[in-house]
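Me: I have a protein model to read, and I want to know what the labels rest on. Take me through it, please.

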Amino acid sequence: MIVTERFPGKELAYYRALKRRTALPAKEEKNLAVLEKGYRGEYEYDRVFDETGHSSVFVFRDIYLRIGGSVAQYDCLVVSDDGIVVNEIKNYSGLYCYDRGKWYIRDSQVSEDALAQLRRAVGKLVKLRYQVRGQFDITGKIVFPNIEFRLQTNDEELWENVVLRSGLRNYLLQFKNLYAGRVAEEIAELIRGHIVPNPYFDKCADFDVLRKGLYCGSCGGFELENRKYHLVCESCGSKETKETHIIRAISDYKALFLNEKLTKKRFVEFIDYKVSPRTVLRMLNIYCERTWNGAFTYYDFKYQNFEDAYVNSNRLWRYKDYNLKYE
DNA sequence: AACGGCCGCCGTTGCCATAT
DNA sequence: ATATGGCAACGGCGGCCGTT
C-alpha cells in the first residue's frame, strides 16, 4: 500500500508555474525539461508498480529523510518484513556506457553517478538501522524505466544493481510475494519519523515581474471573457468555472512563493482582480487553512497542488468545466 | 510619560438579489 | 437549488488625542 503519494516536486512545480507567467531563460527552460523527464520516469515506474500491485508491502514515494544531520532524497522505498528496498529511478534514454565509476552518453561524461547515489542512499539507511540497532536487510536497485534506454558495461557489480524497463514488471512482481507484518510496521514507523520536507529548494519568484491574472487551463491564454460562474478562453473557447481558476491560481501561488504567506490582498492582486474579492474569500476559506493574525490573516493551501484539490475536494460541482483539453 | 477612550482602516461576514 | 457578487455591518488593531 502507498504510504506517501508522489507529487511533482517543489522545483518542478515552481518552474511549471513560472513558465505560465514569464518567459523562462534558456537555462531554466532546460532545467524544467530535465525535471519533467525525471518526473515522467517516476510516473512510469509508479504506473507499472500500481499494475503489478503493492498491497502487501509499504511503499514510500518521493520522500526526504533526515538521518544523522543531513537529508537524502528517495524516489521509492519498499518496506516489508524482509527489510527496505531502495529504488533510485533514472529516466535516461539512449545508449549509456559505464566504466569504472563513470557514466558516458555518446562521448560526454554524465555528471551524476547513479550507482554512487544508490550506495549513498542505502548507506544512509544503514546508518539509521545502526542507530536503532535494527535487524533487517537494506538493498537497492537503480531502475531505468525508459524503454529507449540501453546500457553497455562489463561491470558485474553494476549489472547486479540495475533494473531495465524490460525487466521492470518482473522485478516489481516479486514484491507481491513479500509480507508486511509487525516488523515492517516498525520499519515504516521509523522511516515516517524521519521524513522532512525538501530542504534543498527554497526559491521565491519575483512577484512584480510575473504576469498577473488567470489563464486558460487548456491553452494557457490569459485573455478570458468574464461571465457569471465561468471564464471563457477567447483563443480556444474552453470554459472553466471561477472556482477551478481560483484553485489553479492558489496552487500556482503556493509553488511560486515558497516563503511568502498567502494573504487575500496579495492574492487578488496576483489574479489581477479577475474574480470578485468576495468570491475569492469564500474559495480561500474552502481550500485553505486560515490563520488569524490580526491585520495579517493568511491562508495555507490544504492540498498538494491543483490536481490534488480538483480531484480530492469532495464537493459537487454544480457548474461544470468545459475544458477542451480533457474532452 | 502613562493610560484609556475614540475613531478609522481594513479584512471578514451576513444577507440579499440575481443568473443558471 | 446553488454560485456569484454587491452592500452594509462587524470586529480587531493601531494611531490619535485628551486627561491624569
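**Reading the labels**

Reply: Start with phenylalanine 270. Leaving out residues up to four places away in sequence, phenylalanine 270 touches Arg21, Phe207, Leu210, Lys212, Gly213, Ala249, Asp252, Tyr253, Leu256 and Phe257. Contact means heavy atoms within 4.5 Å.

Me: What are the ground rules here?

Reply: This is a predicted model: local features need pLDDT of at least 70, side-chain atom pairs count only at pLDDT 80 or more, and totals for chains, interfaces and linings use all residues. Residues are numbered from 1 along each chain as its sequence is written, chains are lettered from A and ligands numbered from 1 in the order in which they are written, and side-chain values use heavy atoms, without hydrogens and water.

Me: What makes cysteine 216 buried or exposed?

Reply: Buried means under 20% relative accessible area, exposed over 50%, and partly exposed in between (1.4 Å probe, protein chains only). Cysteine 216 has 2% relative accessibility, so cysteine 216 is buried. Cysteine 97 has 23%, so cysteine 97 is partly exposed. Lysine 30 has 64%, so lysine 30 is exposed. Lysine 30 lies in helix α2. In chain A, 48% of the 327 residues are buried.

Me: How many disulfides are there, and how do you know?

Reply: The count is zero. A disulfide is a pair of cysteine sulfur atoms within 2.5 Å. For cysteine 216, the closest cysteine sulfur is in cysteine 236, at 3.7 Å, so that pair is too far apart for a bond.

Me: Which residues of the largest nonpolar core touch the most other members?

Reply: They are Ile250, Leu256, Phe267 and Phe270, in a core of 41 residues. α7 (242–256) supplies the largest share, seven residues. Domain 1 (2–196) and domain 2 (207–326) each give at least three residues to this core.

Me: Why is that called a nonpolar core?

Reply: The name applies because a nonpolar core is a set of buried Ala, Val, Leu, Ile, Met, Phe, Trp, Tyr and Cys residues joined through side-chain atoms within 4.5 Å. Another core lies apart from the largest one; it has 38 residues, among them Phe136, Phe149, Leu158 and Ala184.

Me: How many helices and strands does chain A have?

Reply: Chain A has ten helices and 16 strands. Helices (H or I, at least four residues) and strands (E, at least two) are DSSP runs, numbered from the N terminus.

Me: Why do β7 and β9 stand at the edges?

Reply: The open sheet has four strands in the order β7-β6-β5-β9, with mixed pairing. β7 (108–109) and β9 (149–152) each have a single partner strand, so one side of each is left without a neighbour in the sheet.

Me: What makes β6 and β7 a pair?

Reply: Two strands pair if DSSP finds at least two bridges between them. β6 (residues 102–105) and β7 have two bridges, in the antiparallel sense. They therefore meet the rule. Isoleucine 105 has serine 108, in β7, as its bridge partner.

Technical notes. Domain bounds come from an automatic or database domain assignment.
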